[in-house]
Amino acid sequence: MTVYGWLIMALSVGSVSCLLAWCVFKVFTVPEESEHVHGFEQETPDV
């Protein structure tokens with residue numbers, strides 16, 4: 001691989017890794033988010 005190939009690969013893998021780390025950080029640090037999570041109760045039209 002050329003130098004530019006390695007650079008593009010490093011940038012893409014690095015950016016995806018940073019995005020994953022940011023998403024995991026946001027999931028674990030948002031305060032009291034569990035109160036806003038609701039289940040889905042399906043209601044059929046025949047009920």
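Visitor: What makes the nonpolar surface patch of about 470 Å²?

Guide: M1, W6, M9 and V13 make this patch. Patch members have over 30% relative accessible area and no salt bridge, with nonpolar side chains (Val, Leu, Ile, Met, Phe, Trp, Tyr) joined within 5 Å; a salt bridge puts a side-chain nitrogen of Lys or Arg within 4 Å of a carboxyl oxygen of Asp or Glu. Areas come from the Shrake-Rupley method with a 1.4 Å probe. This is a predicted model, where local features need pLDDT of at least 70 and side-chain atom pairs count only at pLDDT 80 or more, while totals for chains use all residues. Residues are numbered from 1 along each chain, and side-chain values use heavy atoms, without hydrogens and water.

Visitor: Why does C18 count as exposed?

Guide: Exposed means over 50% relative accessible area, buried under 20%, partly exposed in between. C18 has 56% relative accessibility, so C18 counts as exposed.

Visitor: What makes C23 partly exposed?

Guide: The relative accessible area of C23 is 33%, so C23 is partly exposed.

Visitor: How many disulfides are there?

Guide: With cysteine sulfur atoms required within 2.5 Å, the count is zero.

Technical notes:
Patch = residues over 30% accessible without salt bridge, like charges linked within 9 Å, V, L, I, M, F, W, Y side chains within 5 Å. Buried < 20%, exposed > 50% of the residue type's maximum accessible area, 1.4 Å probe, protein only.
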